[in-house]
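Trainee: I am new to this structure and would like to talk through its charged side chains. Could we look at it together?
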Amino acid sequence: MRIVYSKFLPFKGFRAINLFGIVFARSEQPTLDARIINHEQIHTRQIIETVVVFFYVWYIVEWLIRWAIYKDRDKAYRNIGFEREAFCNDNNPDYLKTRKRFEFVSYIITKR
């Protein structure tokens, strides 16, 4: 996985963003730790499974729906199925070795 440090991406308040399997990190932030790298690797797997374009369409649509539900942008972000899977498993360095395909769907459907 390639990591690019930038002044512009991601937006302030975020440490990293995964765009098409390339992770952009804020240049003024410290080097990404193993947890964040694992989090972004989980997103890379999700991106591949959803044939890239569908990941971003699904991500934005789900965020908009959850924003309407929660009336809070951060809470909406943290409840996107893709993010829930990544946050729940980013401390497990072996997660991607045992992860089932399309596992993120279970994080959309159920409350874990």
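Trainee: Is Arg99 buried or exposed?
Mentor: This is a predicted model, and in it Arg99 counts as buried, because its relative accessibility is 9%, under the 20% cut-off.

Trainee: Which side chain does Arg99 meet in a salt bridge with Glu49, and how far apart are N and O?
Mentor: The partners are Arg99 and Glu49 themselves, at 2.6 Å from N to O. Arg99 lies in the loop between α5 and α6 (104-109) and Glu49 in helix α1, so the pair ties together parts that are 50 residues apart in sequence.

Trainee: And Glu49, buried or exposed?
Mentor: Glu49 is buried, with a relative accessible area of 10%.

Trainee: Changing topic, how many salt bridges does the structure hold?
Mentor: There are 7. One of them joins Arg35 and Asp90, whose closest N and O atoms are 2.9 Å apart.

Trainee: Where do Arg35 and Asp90 lie?
Mentor: Arg35 belongs to helix α1 (residues 34-49), while Asp90 sits in the loop between α4 (81-89) and α5 (95-98), so this pair links parts 55 residues apart in sequence. Arg35 is partly exposed at 32% relative accessibility, whereas Asp90 is buried at 4%.

Trainee: What about Asp94 and Lys97?
Mentor: Their side chains form a salt bridge, 3.1 Å from N to O. Asp94 is partly exposed, with a relative accessible area of 39%, and Lys97 is exposed, at 69%.

Trainee: Which residues do salt bridges with shared partners join into one network?
Mentor: That network consists of Glu49, Glu85 and Arg99.

Definitions and conventions:
Residues are numbered from 1 along each chain as its sequence is written. This is a predicted model: local features need pLDDT of at least 70, side-chain atom pairs count only at pLDDT 80 or more; totals for chains, interfaces and linings use all residues. Side-chain values use heavy atoms; hydrogens and water are left out. A salt bridge is a side-chain nitrogen of Lys or Arg within 4 Å of a carboxyl oxygen of Asp or Glu. Helices (H or I, at least four residues) and strands (E, at least two) are DSSP runs, numbered from the N terminus. Buried means under 20% relative accessible area, exposed over 50%, partly exposed in between (1.4 Å probe, protein chains only).
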